[in-house]
Amino acid sequence: MSSAQLEIQLIAALVAMACAIPGTFLVLRKMAMISDAISHSILPGLVFGFFITQDLNSPLLILLAAVTGVLTVIFVEFIQKTGLVKEDTAIGLVFPALFSIGVILIAKNANDVHLDIDAVLLGELAFAPFDRLMFGETDLGPKSVWVIGTILIISLSLLLLFFKELKLSTFDKGLAATLGFSPIVLHYGLMTVSSITVVGAFDAVGAVLVVALIIAPPATAYLLTNNLKKMLVLSCFFGIFSAIAGYWLANYLDASIAGSMTSVLGVLFLLVYLFAPKQGIFSVYFKEKQQRKEVSLLVFLLHLQNHQDPKERHVNHLQEHINWQKVQAKTVLDLATKNNLIQIDANNLVSLTEKGREFTDEALKYITTNKETAIEDLKKRFFLFRG
Amino acid sequence: MNKKNYAIQVDDLTVAYDYKPVLWDIDLKIPEGVLMAIVGPNGAGKSTLIKAILGIIKPIAGSVKVFGKPYKKQVDKVAYVPQKGSVDWDFPTTALDVVMMGTYGSLGWIKRPGQKEKKAALEALEKVGMLSFQDRQISQLSGGQQQRIFLARALVQNAAIYLMDEPFQGVDATTEKAIINILKELKSDGKTLIVVHHDLQTVPEYFDWVTFLNVKGIASGPVKDIFNDDNLTKTYGINYKVAVNQ
Amino acid sequence: MSITEYFKLLFTDYTLGVISLGTAVLGAICGMLGSFAVLRKQSLLGDAISHASLPGIALAFLFTGTKDTNFLLIGALISGLVGTFWIKSIVRRTRLKTDTALGLILSLFFGLGMLLLTFIQKMPNANQAGLDKYLFGQAATLVASDVWVMTAITGVSLLVLLLFWKELKLLLFDADYTKTLGFNTRFLDILITSFIVLAIVLGLQTVGVVLMSAMLLAPAAAARQWTNSLSTMVVLAAIFGAFSGVFGTAISASQNNLSTGPVIVLVAVVVVLISFIFSPKRGLLFREIRFYRNRKELNLKKTLTFMYRIAQNHKDISHPHAIKILNNFHGFTRKSLNRLQEEQLIEIQGNQWALTPKGYEEAARINDKIGKKDE
């Protein structure tokens with residue numbers, strides 16, 4: 001592995017981590033699409049900044065472009081407040097407009113700007129090691145490492161400093177506000193950090209794919225954990241993994257590094273989406289099936305409790321009366337018998353056992369007080385076999 | 001037992017969102033020609049019950065019969081007044097247009113409304129006192145006026161059963177009076193009215209039939225027989241006393 | 001070539017005619033169907049679908065080896081639909097919310113598409129050049145057969161909209177109610193979503209995957225400002241869309257090295273801006289003017305009631321009072337006093353004012369109203 005290869009992977013990994021941190025909060029705050037808007041709308045800011053500084057890694061350019069990003073957010077909020085169109089339409093109008101301006105500016109000034117459309121969409125990660133930061137005669141490494149490293153350090157320190165505030169305002173805005181953490185300051189702080197990160201990452205992965213680095217790792221992590229810290233760590237891990245695996249995939253296919261990083265993220269997400277232990281669709285499918293059976297069981301027990309009339313309690317009658325279609329009456333009966341909740345006498349009349357009556361009473365109490373967790377506990381206490 | 005006597009008969013109805021039960025083993029028999037309130041605390045499943053009767057939500061168990069047949073075969077006999085907040089009032093359409101929507105059901109697929117439907121819609125608008133607002137954009141109407149438009153839309157359907165989800169929520173006193181007068185008029189025409197209602201104080205004054213609901217069905221019957229502290233306490237959990245002037 | 005030349009050539013030059021017809025038809029179908037997307041609050045879904053169609057184009061090329069537009073667009077359609085249904089499934093089956101699902105599918109599909117495109121570009125002996133026109137669109141590559149396909153699909157969607165107009169309108173406004181009237185809302189939902197996906201795919205060649213969603217939204221968002229009727233909105237949106245398409249293509253053709261997509265989108269967005277500001281009923285400009293007038297009116301009324309309360313304490317209502325007394329009251333200016341005088345509600349003599357009988361009556365009426373509101 002050459003040092004250029006190593007440097008590319010380092011830059012990619014740093015970019016992925018820098019994106020994952022604000023990304024986690026954007027996903028949790030249901031503002032993921034804002035990152036799409038920011039990443040598109042910084043383009044005109046970048047191009048103007050480039051006219052002034054002539055250097056894609058200049059701090060001034062990054063600042064200018066980041067301001068465009070925050071302005072976009074403010075602009076979207078303004079349009080939304082006028083009530084002329086809904087929020088999604090406002091987002092959907094603002095960023096293509098600004099992106100179009102950027103693309104046209106680049107096309108019109110193709111000779112002066114060393115930016116081309118491919119770079120806008122894909123970044124120029126492969127060339128990053130050639131633009132080096134020199135201190136006198138000493139080679140301090142690629143400029144990108146310094147830029148994205150600085151951004152990462154800034155967002156890491158902000159994260160550590162304001163972790164408590166961020167956490168609280170993400171999960172309980174009202175409470176955060178009453179405790180004196182201004183939601184507005186945190187909101188725009190997050191927007192600013194996101195904008196700066198997007199600009200810093202732009203050089204490496206381009207405008208559209210930065211969205212993948214912001215959204216995909218946290219979204220994947222969110223399917224695996226409920227814990228904010230774990231989610232942050234997992235996001236960073238998925239980001240770094242996609243950086244390294246993506247690099248080698250691109251190397252193998254001789255194709256875009258950014259595109260292949262995104263594709264690796266796509267595969268990761270697909271795997272987690274299918275197989276995650278609690279949130280994956282396979283386990284959700286089995287859980288739903290179990291839940292459906294158990295809810296049917298509860299309906300059935302409640303029905304027995306409600307109706308003393310023998311006609312209502314006859315095995316053959318149940319099918320007709322409780323409109324079972326999704327779950328076979330027999331499986332429910334079996335489950336209830338296995339858990340000793342019912343007994344069937346010689347005349348095929350079903351009745352609740354002592355345990356069944358107790359369970360039904362308690363279940364009903366929990367249901368009317370709307371405590372979902374309580375019912376899970378209850379099932380654990382009473383059930384020998386799950387559905 | 002003659003099932004035809006019941007406008008709506010609900011048997012062992014259970015509904016769950018995401019497999020969390022919201023309605024449990026509901027049995028309900030609503031006779032024809034009553035003006036009935038459904039009362040219960042927040043989250044008791046009142047709207048859900050109405051939606052399940054209408055087939056908007058699929059129950060996981062149980063059945064609903066409208067005049068002895070499944071709802072799907074009785075679509076033309078039932079009119080629905082949804083909660084005012086359930087639609088986007090900035091939608092580009094006029095008051096008359098919304099009321100005309102009530103005729104779409106009887107028109108069926110593809111056929112367009114004509115003069116006859118327009119006449120019916122105008123009559124309904126007049127009945128709710130909104131005739132002069134027919135060309136008004138719906139976002140320009142007050143909350144009470146929007147509710148009257150929804151009522152007019154249901155009136156156009158000329159159904160036998162009316163299901164209403166909180167028609168008095170967020171309306172002014174005049175509108176509330178106007179609506180209840182129309183409901184009483186409908187009742188005297190032999191229609192059946194089922195209303196999700198929040199204000200317990202007005203139950204005896206407005207309604208002659210009541211259903212108490214809190215996930216489970218608590219009680220259902222004539223207001224004068226069952227609207228008492230006992231049932232209120234059972235429904236609302238706490239020791240409930242309501243100043244009822246009967 | 002300048003824009004005026006372009007329009008002069010439009011009716012004589014066959015190629016330009018074809019291209020302009022194509023962009024006009026495209027703009028029209030986007031405007032029409034975009035109205036439905038906007039009113040269903042599915043604006044961002046269009047963005048996700050258009051990005052998600054990119055890998056379909058690349059895969060279609062890899063499998064068939066041709067650059068035939070129809071094959072590529074079928075690929076785009078399939079991958080767009082896969083993206084759409086995956087989004088719906090993510091939202092329904094996992095804890096991820098709509099915005100995350102949209103952003104996820106949008107960026108992941110697009111990334112895969114870009115990977116495949118760069119892979120294709122490096123392939124030996126393939127006539128791969130030209131696939132990148134699907135990124136930002138190139139109207140100049142439209143040929144007569146493309147335009148025929150577009151026109152045919154637009155015709156079909158127009159027919160469907162007309163046939164199911166009543167039902168679709170009902171669905172947009174109140175989906176639950178639609179169900180209770182006995183209409184199959186699932187069918188209607190799939191119908192309208194499929195046509196929206198079709199419109200997006202049709203536009204890829206001209207506007208490109210990156211900006212296609214704006215082409216769907218902008219004409220509809222503009223049209224909404226000018227009318228309160230759904231049918232007028234759809235017609236207007238179609239006109240705005242066609243205008244943006246033709247005009248945008250003309251501008252981009254008169255410049256070198258400019259993709260059509262960004263120009264068309266900018267033209268459409270300018271139409272939106274004009275509509276936002278100048279539409280008479282909803283526009284921001286007239287809204288501000290109305291607001292300003294109302295505030296002035298309110299100030300006059302307040303001044304008058306203030307005077308009324310002073311005058312009430314005197315037996316003679318037209319007893320003059322010093323203007324100085326009004327200084328405690330913030331709403332009044334010399335100008336507002338003059339206007340009150342013009343309307344013969346008060347009389348001013350030197351430093352003193354007095355209510356006229358007409359003014360007293362008017363003030364009493366306003367005062368009553370305020371009193372009632374306070375109750």
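Predicted model: local features only at pLDDT ≥ 70, side-chain atom pairs only at ≥ 80, totals over all residues.
Visitor: Within what arc do the buried residues of H8(C) fall?
Guide: The buried residues of H8(C) are Asp146(C), Val147(C), Met150(C), Thr154(C), Ser157(C), Val160(C) and Leu161(C). Seen down the helix axis, they line one face of the helix, because their arc is within 150°.

Visitor: Which residues are exposed on the other side of H8(C), and against which helices do its buried residues pack?
Guide: On the other side, the exposed residues are Trp148(C) and Leu159(C). The buried residues, in turn, pack against four elements of chain C: helix H2 (14-39), helix H5 (69-93), helix H9 (165-173) and helix H11 (185-207).

Visitor: Which helices each supply at least two residues of the lining of the second largest pocket?
Guide: The second largest pocket holds about 480 Å³ of space. Its lining numbers 21 residues, and those nearest the centre are Ala126(A), Phe127(A), Ser256(A), Ile257(A) and Lys122(C). At least two lining residues each come from helix H5 (117-122), helix H11 (228-253) and helix H12 (257-275) of chain A, together with helix H6 (98-122) of chain C.

Visitor: How many residues of each class does the lining of the second largest pocket have?
Guide: The lining comprises 21 residues. Divided by class, these are eleven nonpolar, five polar and five charged residues.

Visitor: Is Gly102(B) buried or exposed, and with which residues is it in contact beyond its neighbours within four places in sequence?
Guide: Gly102(B) sits in the loop between helix H2 (95-100) and helix H3 (104-107) of chain B. Its relative accessibility is 4%, so it counts as buried. Leaving aside neighbours within four places in sequence, Gly102(B) is in contact with Arg153(B), Val156(B), Gln157(B) and Tyr177(C).

Visitor: What is the phi of Asn340(A)?
Guide: Asn340(A) belongs to the loop between helix H16 (329-338) and strand E3 (342-344) of chain A. With a relative accessible area of 43%, Asn340(A) is partly exposed. Although this residue is not glycine, its phi is positive, near 55°.

Visitor: Is Asn158(B) buried or exposed?
Guide: Asn158(B) lies in the loop between helix H5 (143-156) and strand E6 (161-165) of chain B, and has a positive phi of about 50°. Its relative accessible area is 56%. Since values over 50% count as exposed, Asn158(B) is exposed.

Terms used:
Residues numbered from 1 in each chain as written. Chains lettered and ligands numbered in written order. Heavy atoms only, no water. Buried < 20%, exposed > 50% of the residue type's maximum accessible area, 1.4 Å probe, protein only. Arc of directions from axis to C-beta. Contact = heavy atoms within 4.5 Å. 1 Å grid on protein atoms, 1.4 Å probe; cavity = no way out; pocket = protein on both sides within 12 Å on 5 of 7 lines; lining within 4 Å. Points joined across faces, edges and corners; volume = space filled by probe spheres on them. Nonpolar A, V, L, I, M, F, W, Y, C, P; charged D, E, K, R; others polar.
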